[in-house]
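Reader: Could you walk me through this model before I set anything up? I'd like to start with the overall layout and then go down to single residues.

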Amino acid sequence: MLTKSSTELVRQRNSVLVLAALRRHGALAHTEIADFTKLSSATISAITADLEKAQIIEKSEQQPSSGRGRPRVLFRQRRDCGYLVVVIISSDGVQYSLVDYAGKLIDRFSEERSHDPAGAERFIASIKQGLARILSRSKLPQEKVLLISISSKGLVHPTDPVLVWSPIFGSNQIDFESALRPDWQARIFLGNETQLVAAALGAHEANARPVDFRSLAALSLGHSVGLGIVRSTGQGEREVSAPNFGHMLHMANGGLCRCGSRGCIEAYAGFYAILRMAFEVPLDTIPAKFVPVAELDKIAAQARQGHRMSAFAFRQAGIALGNGLSRLLSLTERMPIAITGPGTRYYDLLRPGIEEGLGQTHVVRMEGMPEIRAVPDESILVFEGHLDRALSVIDQELVLSGIQGSD
């Protein structure tokens, strides 16, 4: 026999299923919600009534295309139910986006960022100013922002919004919860950028191949090197992780990395590493914090024209990446690899080395080369990853607070 508390848990879980269906498929009729969620018609009626009463969803009528018959009643999220701010921290700037509850972009702007490793306090101050600016531009009351979702390259704490290590600030940790909490009541999330990319790619793959999708690795190439892995866990659920791939060992006592260690994959495959190799700079030279893409473009142009050291730099970067991926596949399973980030513009120069590095491992020799493809629109994927994660959290919290409040 179900107790009152277990009945409530079932109702909350089913309500989240309904909201997830609306988020994935858009406005839906009663019967369509039942088809997607596998819930009974009576359960759908009760849940949509509760969600509408709590002003989480709304309904509208759609006239038949023939002009005859009864109009279809469609349910969708109330756009003004709450708002999300997405903050994407990249190597050369910070992008702020304001999104409504239906996932519609309302406002966006970007600001340049400092590359001063000692400027963590100034950076936090600039983040506060950016958040205040996007709120001011929208003229929304602050309490309408339900969640602030932040992403960065580097290592993030597994449960708390703390940037543990980053390419710019090194080991100077940034605690976004402590920094923003005095001014904001919204929930604050921090994610690894490549993990969000993997989540977005996994969602695309699972939608395209709902039965066959098993796993995928997203390799982000740029000023730093990141990796995200997404795996299907069954029942439409996916598990996403971001191992510290760029700082795995490639060569003992090798080139100096920005993390302070020697021989990391990034010390051979990051933009600064390619620049260092192409100009035959000693491998123990302190790496540049930031290398403009235009500089790499010049080296790539020279490599394509047959310049030996420029081509060698990209090939060595590819080998480092391929060796790292070979270890990944040996420890996990053979999976497709999507290469993202600004480094995709040099994929033609990197691929021979990547395949050489991969081909040296037993699993690839036995099972063949994994599917490798370049996916250049990383910024779009990062944003999609933010929305997928943050809006699902908002759904759950609104169900907890909204439906209880309507009882």
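Author: What follows goes from the domains to the salt bridges, and then to some individual residues. This is a predicted model, in which local features need pLDDT of at least 70 and side-chain atom pairs count only at pLDDT 80 or more, while totals for chains, interfaces and linings use all residues. Residues are numbered from 1 along each chain as its sequence is written, and side-chain values use heavy atoms, with hydrogens and water left out.

Reader: Fine. Which domains is the protein divided into?

Author: There are domain 1 (6-77), domain 2 (83-195 + 381-403) and domain 3 (207-379), with bounds that come from an automatic or database domain assignment.

Reader: How far apart are the C-alpha centres of domain 1 and domain 2?

Author: Those two centres are separated by 30 Å. The contact, meaning heavy atoms within 4.5 Å, takes 11 residues from domain 1 and 11 residues from domain 2.

Reader: And what area do domain 1 and domain 2 bury between them?

Author: About 1,000 Å² is buried between domain 1 and domain 2, with 71% of it on carbon and sulfur atoms. Buried area here is the accessible area (1.4 Å probe) that two parts lose on being put together, summed over both.

Reader: How many salt bridges does the rule find across that interface of domain 1 and domain 2?

Author: The rule finds 1 salt bridge there, where the term stands for a side-chain nitrogen of Lys or Arg within 4 Å of a carboxyl oxygen of Asp or Glu. Arg23 and Asp395 form a salt bridge through their side chains, at 2.9 Å from N to O. On the domain 1 side that touches domain 2, α1 (4-25) and α3 (41-53) each supply at least two residues, and the largest share, 6 residues, comes from α1. Helices such as these are DSSP runs (H or I, at least four residues) and strands likewise (E, at least two), numbered from the N terminus.

Reader: Staying with α1, is Asn14 buried or exposed?

Author: Asn14, which sits in helix α1, counts as buried because its relative accessibility is 9%. The cut-offs are under 20% relative accessible area for buried, over 50% for exposed, and partly exposed in between (1.4 Å probe, protein chains only). Not counting residues up to four places away in sequence, Asn14 touches Leu39, Thr43 and Ile47.

Reader: Switching topic, how many salt bridges does a search of the whole structure find?

Author: The search finds 24 salt bridges. One of them pairs the side chains of Arg72 and Glu32 at 2.9 Å, N to O. This pair links distant parts of the chain, with Arg72 in strand β3 (residues 72-77) and Glu32 in helix α2 (residues 30-37), 40 residues apart.

Reader: What about Arg315 and Glu356?

Author: Their side chains also meet in a salt bridge, at 2.8 Å from N to O. Arg315 is in helix α10 and Glu356 in helix α11 (residues 347-358), so the pair ties together parts that are 41 residues apart in sequence. Arg315 is partly exposed at 35% relative accessibility, and Glu356 is partly exposed at 31%.

Reader: How many residues of helix α8 are buried?

Author: In α8 (residues 271-278), 7 of the 8 residues are buried, so the helix is mostly covered. Among the buried ones are Phe271, Tyr272 and Arg276, and the cover includes α7 (266-269), α9 (293-304) and α10 (308-331).

Reader: Last topic: which phi does Glu280 have?

Author: Glu280 has a positive phi of about 55° although it is not a glycine. Most residues other than glycine have a negative phi. Glu280 lies in the loop between α8 and α9 and is exposed, with a relative accessible area of 57%. Gln55, likewise not a glycine, has a positive phi of about 60°; Gln55 is in the loop between α3 and β2 (57-62) and counts as exposed at 51% relative accessibility.
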